[in-house]
Amino acid sequence: MLEFRKDIFADERDDNLKEVGRPTQRQDILGHVTGASAFYDDHRFAGLLHLKILRSPHAHARIRSIDDAAAQRAPGVKRIIRAADVPVNLNTLLSLIQFGKDDEPSLASDVVRYKGEPILGIVATSERSAREALALVRVSYDPLPAVFDVEEALKPGAVSVNATYPKNTFEYYGKYDHQKLRYGDVDSAFGQCDVIVEDRYQMSPIEHAPTETNGSIAVPDTNGRFVVYTSTQALFFSLDTAAKINAMPSNQLHFIGGTVGGGFGGKVDTLTEPLAILAARLTGAPVRYRLSRHEEMQFGSPRGAERIYVKDGAMRDGRIVARKVTAYFDSGAYTRLSSYAAVKCAAHIPGPYTIPNVYGDVYCVFTNRTPATAMRGFGVTALDFALECQMDKLATAIGMDPIEFRILNAYRDGDMKAHRREAKNCALIECCQVAAEKANWPIREEYRRMSSRRGAASAPHASARPEAPRRQPAPAPVQQRIPYDRAGEPPAPDAPPPRPPAPPPAGSSHGATRFSSVFGTRRR
Amino acid sequence: MAKHRGRGVAAINYPIGMNLGGDPSQALVHSNPSGKFTVALSSIDLGQGMKSVTRQICAETLGVPIEDVYVDTADSDTGPHCMGSFASRGTHRVGNAVMAAAREARAVMMEAAAEELEVDAGDLETDGRGNIRVKGAPQKSISVKDVAVAAQFRQGKTISGRGIFLVPLSDVDPETGEMSPATCYAHACLIAEVEVDDETGEVAVLKMTSAYELGRALNPKLVEQQLVGGAWMGMSHALYETPEPYYPDTRNGPRDFNEYLMPGPGDICPHDITVLERPAPDGPFGAKGPGEMCANPVLPAIANAIFNAVGVRVNELPITPEKVLRALKAKNGAPASRFR
Amino acid sequence: MRTPVQFSLNGEEVAAFVEGGANLLDALRETVGDLTVKGGCWQGTCGTCTVLIDGAPRLACITLAETCAGRSIETVAGLRRGPDLHPLQTAFIEHFAAQCGYCTPGMLMAAKALLDRKPSPTREEVVEAIGGNICRCTGYEPIIEAILAASRAGDRRSA
C-alpha cells in the first residue's frame, strides 16, 4: 500500500512536470524478465582461467613458510600468485580521496590479521582445478594472540592488529584517535536535567548477501590494455584502486559494469578486480575471480559491528537537553571505509532532534576480524537504532507519548544542529503526524498542528514556560514557491550556510543570547 | 505461555550523498541524427533504478519524450567519472549532473531550432512530445528530429552537453566536529506492530505503517520499490541477520543461506506507506534519495514494539528468540499485553 | 573424464560433453551457453538457478548434469514465445517485481512450475512456491502480487 500526500508541502513543488513524477517503467525491465540483462559473469571468453584464493585459517598469525611446490605441479594450474607478485601490495581504499594511510595488502606476506585474509592465488583452467591445487599448499603459521572486542582493543597492552595503526585506532587529523563532536556544555546540562537515561547498544556485523556474489573477469585487450567486467558499485573507484595496486596507468584499464546483482554497499571494496587483472597480466589469458557464497558470507566485508553508549538528559516537560555518545566502529583488521563512517556517525549524533548540548566521541577500532565496509545506511543505521530506543526509554521515563515526544524535540527549519549548521528543509514532524494518523495512534491536537516550517505552530511549552521559551513567536509564514525546473540556470550548489555564533558557556540566560545551553531556546 | 502484541515507533532523518561532500559525478548527453538522445554515465545500476531515474531527469530537462532517451551506464571508456552508487547519492548527485548536461544540450537544440524557424531561441519551447514550437504560436513548430538533422548536416552543430555536480568538500573542525555533512536530508517515521511469543521468544512483525519524506519522488513506482524492499531489509536486520551471532565471539558464523537467516516471502507483513515530498533546494527537481534511509527506522521501531508487547528491552541486534527469552527470564516472564 | 549428455532445452535437443561431476548450472552456462540461468550460491540454498526439469522446479547448481540425460529442461530463455512475453513476464513488468534482476529468472521459473501445476493458486501457495528463492531487493511483496496477477490473467484467457 502506498499513498502520496501531495497536499503536504504542495506550495514548494510544481507537480505539473511531464516526465518527472510519472510511474515510468524501468529501462532495464525487459532484460531482467527475459534473462537478457548481462551481468559481469555473463560474458564468455575462450581460454578463460579461474583464480581462487588461499585464505588464512587464523585470526592472527605470523606466516613462517609457504610451500606451494605441489600446487604448482597440480593438473590445470597455470600460475601461482604470491604477495611478491603484487606491484603495490599496500593500499587503503580512501587513499583515492586522500583520507587515511595505506594499511592493507592484497596478499598477506608476513602476518595474517583476520581469518580469511588472502595469502596466495592459484590460476587454473577450471575453478575445480584451482580449488584442488589450493588444498596442496602447505603454510606453516605461528599463531598470535588476537583481539576481537573493540573496547579490549583500546586497552593498554592490547594486541596490536594493524601495523600502520599500532594503537588499534584510526588516526584523525594527525592527532586524535577518534572523531569529536562538541556542542554546548553537556556536563552542566546533565547536572540540571530531571531525567537521565543511559544505555549500551550493540549491532553485530551484517552480511550484504546480494544474490550475485562479488566478482570480475579481466581480459587482455589490444595495446596492452585490459577490459574488466565487474560487479563493482563504483566503477572509477574500482578502476583507480586496481590501477594503483597494479602500478598501471588508469587508461590501460577499461572497466565495464553497470548491471549488478545487488550490492547494498558490499561491492565498493574492489575485492576481486586488482588480482584478476594481475592474474591476466601474468598469464596473458582472460581470468575470472568470483567469490563463492561461503567466501562472500565469511570473508567478503560485512557491515561492521558498532557499539554505542548513549546518555541522554531531559526535562520533565519532555525537552531533551543533553546527549553524550561514545561509539566504537569495529573496522576489522584494516580501515577500508570505517574511518569515513565514524565521521558521518559523529554528525548524526543528535538524530533529527534539536538538542542544545551534545558531546560525542566516535572511534574507528581495529580488531582481528574481517574488515568491515559500507552498507545501506552506513554510519547511521546502528546509531539510529540506539537513538530511537533511547527516545522510547526517555518518553517512558517522562511519561509522554513517544510520538508526541519526538514531535516536541524534532528539529525545525532554522534550528541549529550540533555540527553547527542550520537545519533547513525539515520534515520529521510531518512524517510523525502522518504515520500516527495512518496507524490510528492518537496524538493531541496541538501536536497535530505543529510544523517543521518556520513560523508555523509552536511547541506547547512556548506559552506555558515564558521564562524559557522553546520557540519564540515567529512572523507570519512566508510561503515562497521554489522553482524546481531550473532549466536555463547555471548549476549552482548551495552556498555553505553562514557560520553560527559559537555556543555560549553554560548557565548563560535565554532570550538575549538567543540560546540557552540548558533550555535550548532555538536560534532565530 | 502466551502471545503478546505491541507496537513501537521510530523516527529518523538521513543525510543524502557522501558525508562532507567532495564526491563528484559527471554525465554526457548527445543526440543522434534522428533526435534520439543517449546519456553516457559510468554510474552503476545495482537494482536501485539509476538508469531509469536519470532517463526521466534527462527527458524532462530536454523536453523530449522518455522513449527518446537511452541511458548507457558504467563503461569507463565512454562514461565520464562518477564516484559510485552508494551513500544515497545516485539520484541527487548523478541526477544533477545529468540535468546539467541535458540543459547544455537543450540550449544547442533550441538554438538550432531557432535558426531553422528564423526566430529567437528565447521565444521557443518544447512540447514534451518531440516538437519545438514558438511560444504563443504553436502552429510554428519543428520536430526535434528535423532539428537534429539540420544541426548536424546543415549547421554543423553538436547537440550535446556535459554536466558535473559537486558538493564541495567540507572541512571538519577536529576539536568540535563542526562540519557540513550533507546539503539535504530525507525523513521517516515508522510504526511497527509485533507479536511476541513468550514461550519461544519468536517475534512476528504483523504490520508496518510508515511515512517517508524523500524530496520529490521522481518516479513513484521506483520509490515504492525502494521503500518496500528497504523496510523488508530493516526487518531482516532487526530480527534475523548476522554472520557473527555471538559477536564479539567469532564462532558459529553461517556459510550458506540455510544458516544466514532472512525473512522469506511467508514472513513478510503488510506495509502501509505514505510518501511526503518536501523538495530539496539543490536536488534534481527537488529529489533526495530514498535508497538507504528506508531500512533504518524499522530496527528501533521493532525493538520498541517488543518492549511494548512484553516489557523487555533488547539492546543488541539482531533480536533473536534466544535474546528475547533471556531478557524475559531475567525479568520473570511476560506481563499482560500493554498494547496501546 | 568427460561424459556425453543429451537433453531437451526449451524444446530443442542439445548434446554436450560435461566433466564428470559437473552440475547442470555449469553445463547450461559454460557448455551449452544458456546464460539466462544465474548462479547465486552454488550450494543449493538460494534458488537463483531454478530451472524446470520435466516440469518440476529444480536447483541446477546441485543437480548432476549427467542425471539430466533424456530429460526436458526449461529455463527463462524459453519462457518467451517469439516476440510475445509469457503472462508471468508481463506481470513481473507491470508489478515492478524486479530490481537488480538477478533472482528474476529463477523466480519466474519457480512461479511457472506453480502455475503450470495449479493455474489459480492461493497467496499461500504462491509463497510456498517461491519460498526457496531469495530476493534481496524487493521484499517479495511485488513478486507475490505479480504471480497472483499472472494467474488471474490466465483465468481470463481460459474463461
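1. How many residues of domain 1 of chain B are in contact with residues of domain 2 of chain B? In this predicted model, 14 residues of domain 1 meet 15 residues of domain 2. On the domain 1 side of this contact, seven residues are nonpolar, five are polar and two are charged.

2. The domain boundaries themselves deserve attention. Domain 1 of chain B is assigned as 3-15 + 183-330, and domain 2 as 25-165. The centres of the two domains, taken over C-alpha atoms, are 39 Å apart.

3. The overall dimensions of chain B may be read alongside this division. Its radius of gyration is 26 Å, whereas a compact globule of 340 residues would have a value near 20 Å. The C-alpha trace spans about 85 × 45 × 40 Å along its principal axes.

4. Of the 340 residues in the chain, 63% are buried. Among contacts in chain B with a separation of 6 or more, 76% are between residues 24 or more positions apart.

5. Chain B also has an interface with chain C, where 15 residues of chain B are in contact with 18 residues of chain C. The element of chain C that gives the most to this side is helix α5 (residues 141-158), with three residues. By class, the chain C side comprises 11 nonpolar, six polar and one charged residues.

Note on methods: Residues are numbered from 1 along each chain as its sequence is written. Chains are lettered from A and ligands numbered from 1 in the order in which they are written. This is a predicted model: local features need pLDDT of at least 70, side-chain atom pairs count only at pLDDT 80 or more; totals for chains, interfaces and linings use all residues. Domain bounds come from an automatic or database domain assignment. Two residues are in contact if their C-beta atoms, placed from the backbone, lie within 7 Å. Ala, Val, Leu, Ile, Met, Phe, Trp, Tyr, Cys and Pro count as nonpolar, Asp, Glu, Lys and Arg as charged, and the others, Gly among them, as polar. Helices (H or I, at least four residues) and strands (E, at least two) are DSSP runs, numbered from the N terminus. The radius of gyration is taken over C-alpha atoms; the globule rule is 2.2 Å times the number of residues to the power 0.38. A residue is buried if 20 or more other C-beta atoms lie within 10 Å of its own, exposed if 12 or fewer, and partly exposed in between; C-beta atoms are placed from the backbone.
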